[in-house]
Amino acid sequence: MKSVSSGPVRPDDSVLYVADRVRTLSAEQPIADALLVRWGKVAAVGSREKLQAANPGARVVELRGATIVPGLVDAHGHMVSLGRSLSILSFVGTSSVEEILQMARNASPASYEGDWLVGRGWDQTAWGKGGGFPTRQQLDAVVPSTPVYFTRVDGHAVWVNSEGLRRAGVGRATPDPPGGRIIRDRGGEPTGVLVDNAMQLVGSKIPLPTDEQRQHWLRAAVEKCVSVGLTSVHDAGTDVPTSVLLRQWDATGTLPLRIYAMALGKLVGAMSSSRWGAAGAAVPETGIIEGKLFTLRAVKFWLDGALGSRGAALHAPYSDEPTQNGLLLIEPAELQRRATALMERGYQIAVHAIGDRGNTLALDILSKAAADAKVKDPRNRIEHAQILRREDIPRFAQLGIIASMQPTHATSDMRWAEQRVGRERIAGAYAWKSLLDARAHLAFGSDFPVEDANPLLGLYAARTRQDVRGYPAGGWLPEQRLDGEQALIAFTAGAAYAAFAEEERGRLRPGMDADFTALSVDPVGDPPEKLLSGKALLTVVAGRVAYRDESVLRSAAYPPTR
Ligand SMILES: [Zn+2]
């Protein structure tokens, strides 16, 4: 990023950002056209004339055609996976097995980890013909002797070849691990697809990334995030080396956006060190970390799997697979015990729950753990909250449990979700409007790299319940659509609340952190389809420019990044 000719901006300089409109999400002054920033904070919000007259020395940044909103937050993303997905093979958007096999055949060296060929993003529901799982034999035909590890788009299943199974010693005699499933053919032989806890049987054989590789992935991920207007990401499953690295970047001023870490609730391999992991989770013995931009005060557990691979735990069997009820990845009693112990140490608990049974159990577990730990404002969260029984919807607000949801999951899954759960259960699917009407706190994200990290796509999906081609007309389960402001709040103030930061961020009021995003579209006032062609023009975190769109701002004065 180039700096301006007028020299670097010092923190005590005043900068006046002028836009077509500033949406503050603050009741006192919901709409303005200028925002004054000083010392990394919002100094004033109001009209350009008044603010300029009162601050004649302020630098002025003109953002013509732009709408400024409070900094957009992705309340559920995966930073390392995002960076990794930018270098390994990506099958997102492919529509046939043949296309993927062609990519495997032509893979470049960047797609290898150790001698494993690695890829991500396949989705059998996009292949037509009944949407069955692929097989190892299909991979063997193009990659016979190199081990292959291709993760499903939702991260809850892998497709490997025979060499991959051989390296892991997985065969017909291998039992399904607890919370996992080895898909088998009629003769009992593994077909090459492993679901949830069975993934690790093979995944643990892939060499762990080197520090250099991890740094490269994380750097690529933070750059991607600020370029789509994100000022903060809640990282849904941070391991120890990643936390250590982010903390270091924060201390040296090289972290451009806020990261709210949800530490892994389960230690993986040799990732713990002496001062980390004493609580059985990827957290330091010293307790919560509150840095400048990096915070670690949450711990994430996976309670069930995902709907696409039929790992989501359901009360009644799958409508399209009557022998399956889904999987529990951890014993409920064990999760409750660990959640209580971590809450006593001040941690917020985030539980991945997708199926209706997973959600009932998560609500039960989190409410009991909060009572046992005697925490006043635990603000525990359920990640995804995808399929809910009608009677569980009001419990989110009653128990003070945040619904952390991803609008683009609804529009990616809508083509097949009803096949999985049937007509009756689909009424409680991705039911963010019902949750909001029941006064639950919503925090929105994308689950990148499962979905695109661009929050405009999430804002669009939340308002329309349509895919980017406008399908279906009128929206899928349209009674669950939000209005533009409700959707924006879930991506800003709602996400700030989920990180205990609603007094500092999520709205633009004097004294709050100067975290904001300037967009080429107005996410509230413009028709939703216009958001699809919109983009971030400027991303500002704590008063510092983390990203600017070159084409638009070349002529404008603007404060350089660090
Ligand atoms: Zn996730």
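This is a predicted model: local features need pLDDT of at least 70, side-chain atom pairs count only at pLDDT 80 or more; totals for chains, interfaces and linings use all residues.
The zinc ion has three kinds of label to follow: residue, atom and distance. His-76 and His-78 each contribute NE2, and Asp-447 contributes OD, as the protein donors of the zinc ion. These donors lie 2.1 to 2.2 Å from the metal. Along the chain, the donors follow the spacing H-x1-H-x368-D. His-78 sits in the loop between β5 (72–77) and α2 (79–85). Asp-447 sits in the loop between β20 (442–444) and α15 (455–464). The pair therefore ties together parts that are 369 residues apart in sequence.

His-78 has 16% relative accessibility and so counts as buried, the cut-off being under 20%. Asp-447, at 6% relative accessibility, also counts as buried.

Two packed helices are described by the angle between their axes and the distance between the axes. The axes of α15 and α16 (residues 484–491) come within 9 Å. They cross at roughly 135 degrees, which makes α15 oblique to α16. The crossing of α15 past α16 is right-handed.

Both helices supply residues to this contact. From α15 come Pro-455, Gly-458, Leu-459, Ala-462 and Arg-463. From α16 come Gly-484, Ala-487, Leu-488 and Phe-491. By class, the contact of α15 with α16 has six nonpolar residues, two polar residues and one charged residue.

Terms used: Residues are numbered from 1 along each chain as its sequence is written. Side-chain values use heavy atoms; hydrogens and water are left out. Donors are N, O and S atoms within 2.8 Å of the metal (3.2 Å for Na, K and Ca); water is not among the atoms, so sites may look incomplete. Helices (H or I, at least four residues) and strands (E, at least two) are DSSP runs, numbered from the N terminus. Buried means under 20% relative accessible area, exposed over 50%, partly exposed in between (1.4 Å probe, protein chains only). Axes are lines fitted to C-alpha atoms, for helices over the stretch in contact, and angles run from 0 to 180 degrees between N-to-C directions. Angles under 35 degrees count as roughly parallel, over 145 as roughly antiparallel, 65 to 115 as roughly perpendicular and the rest as oblique. A crossing is left-handed if the near helix is turned anticlockwise from the far one by less than a right angle, and right-handed if clockwise. Contact means heavy atoms within 4.5 Å. Ala, Val, Leu, Ile, Met, Phe, Trp, Tyr, Cys and Pro count as nonpolar, Asp, Glu, Lys and Arg as charged, and the others, Gly among them, as polar.
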